[in-house]
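Please keep the sequence and the coordinates in view while reading.

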Amino acid sequence: MPDPRHHSKSKSKSAIVNGIASDPAISQEHFVRSLGVFDSLMIVVGVMIGSGIFIVSADMARLIGSPGWLLVAWLFAGVLTIAAALSYGELASMMPEAGGPYVFVREAFSPLWGFLFGWTLFTVIQTGTIAAVSVAFARFSGVLWPVIAEDRYLISPVHVSVGYAFSLSTAQLTALVVIALLTWTNARGLQYGKIVQNLFTTAKLGALFALIVVGLFFGRDAAALHANFGNFWRPHDFTPISAGLSAGTAFGLLVAICVAQSGSLFSADAWHGITFAGAEVHNPRRTLPIALAGGTIIVIGLYLLANVAYLVTLPLSAIQHAPSDRVATAMLSAIFPAWGSVAMAVAIMISTFGCVNSLVLAGPRVYYAMACDGLFFAKAGRLNWANVPGPSLWIQCVWSAALVLPRTFDVATGRYGNLYSNLLDYVVSAALIFYILTIAAVFRLRRLRPTAERPYRTLGYPVIPALYIAGASVVLITLFAYRPATTWPGLLIVFAGVPIYWLTRRSLRRS
């Protein structure tokens, strides 16, 4: 099979030297366009629904302190997500290639910005999320099989410093097996990956819908209804955002809603993963916009209904103080005390397994595109016998698995955490920067390439993309101002890629 890099390297040199490429810089003639509308929709939905919707409402409720404003916070996240998806649809229909946002940003701004997106995606965003969701699967497996636990060690923590260690627990081992299994499945061909995806996404949609129905129709609790809907808008029992600032004032409430977006937006994140596989979507100029818009609308609707179900069943205080923040488990346990927690564990296992498969499937298409531009490991720019980027899949597998093993150690409490959790906290803001930049590409490419074919044009342009940029910018500024410990380090991770880009660029010029 011809090596796709031979066709691409001359073009990628032109793109890197001259700034903005006039033609796609990667060769994708060997990809098979076998993802239909349903398959693409299942990838969008599957990658969005992980474990976040079952957990993050607790922390959001503590910050906001009001049932009504909690729903507003989720609605705000939903409006932003849908606005972003509608905007991405135009870019995806223009450039239905492997790489998605990497290609969009590269073409609109420069190869440097495209590389920084891919760098951050590989080092933390995609791989860190794979690690996190795989461990979440293992944690909930422990409800069924107690032998799977983060404190049951096969290799006890080995400290490399006071605050950091490496270990291998039964939960970590389970996560590693999940990552390797789904990598192997996807490496065997897109047909296998999409079967797993469609099966588990359909199952998780059924589980989430059942959770909502049970909460709304069987979990209605008079005390919860009185407590939540009797004080629907008045913030109370909230956690201060910082010294002297809380949701008790109008400005504090606005800040609380913005800070809480780190939970709701993260729960609805990765919806753009289908654009990574644009070269494998059948009739992409029609399918990609439909999948992006349809998938995000379905998920956001279910997320809002899930939070209404929580509020109908549990008083806000019970949501705020749910054990380990497991709000959905607390809700089911209140309705079915004997087996609610087990049922929820099974539902989350299904959800997280399908989510990991979506993440494993999508990410390597970006690394493939980068490699074809000479900006990633050369082997990552090859397709395997099954016409999928097999080397990229296994490179991603190795790094995701590596992120499962490091542990953080809190000296004060003597408890171990996970390094990837810290890294993901750091890049929430960085991810917002790339979303804003990508949606700004809609405006820039309209100016740079006014005659380019646009089978789909952003609904409500220019209002919809401008709405996202404005709303996401407010959230971003608020996070930098009031959560500096978890935002500024994210910028350091992003810009650590700059010297690597220049070194890679210099090497490419010499080749």
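The model is a predicted one, in which local features need pLDDT of at least 70 and side-chain atom pairs count only at pLDDT 80 or more, whereas totals for chains, interfaces and linings use all residues. Residues are numbered from 1 along each chain as its sequence is written, and side-chain values use heavy atoms, with hydrogens and water left out.

Tyr310 also belongs to the largest nonpolar core, which has 164 residues; Tyr310 is among those with the most contacts inside it, together with Phe54, Leu208, Leu211, Trp271 and Tyr468. Such a core is a set of buried Ala, Val, Leu, Ile, Met, Phe, Trp, Tyr and Cys residues joined through side-chain atoms within 4.5 Å. Buried means under 20% relative accessible area, exposed over 50%, and partly exposed in between, with a 1.4 Å probe and protein chains only. Helix H15 (residues 340-372) gives the most to this core, with 17 residues. A second, separate core of six residues includes Ala98, Ala279, Tyr368 and Leu383. Helices (H or I, at least four residues) and strands (E, at least two) are DSSP runs, numbered from the N terminus.

Helix H18 (residues 463-482) includes Tyr468 among its buried residues, along with Ile464, Pro465, Gly471 and Val475. The buried residues of H18 pack against helices H4 (67-94), H10 (250-267), H17 (419-448) and H19 (488-495).

H17 also packs on a sheet, touching E2, E3 and E4, and its direction makes about 50° with that of E4. Angles run from 0 to 180 degrees between N-to-C directions, the axes being lines fitted to C-alpha atoms, for helices over the stretch in contact. This open sheet of four strands has the order E1-E2-E3-E4, with antiparallel pairing; two strands pair if DSSP finds at least two bridges between them. Strands E1 (153-159) and E4 (415-418) stand at the edges with a single partner strand each, so one side of each lacks a neighbour in the sheet. Strand E3 (residues 406-410) pairs with E4 over four bridges, and Phe409 has Tyr416 as its bridge partner in E4. Helix H7 (residues 170-187) lies across E1, E2 (164-169) and E3, at about 75° to E2.

Finally, a search of the whole structure finds zero disulfides, a disulfide being a pair of cysteine sulfur atoms within 2.5 Å. For Cys355, the nearest cysteine sulfur, that of Cys397, is 16 Å away. Cys355 is buried, with a relative accessible area of 4%, and Cys372 is buried at 0%.

Key. Contact means heavy atoms within 4.5 Å.
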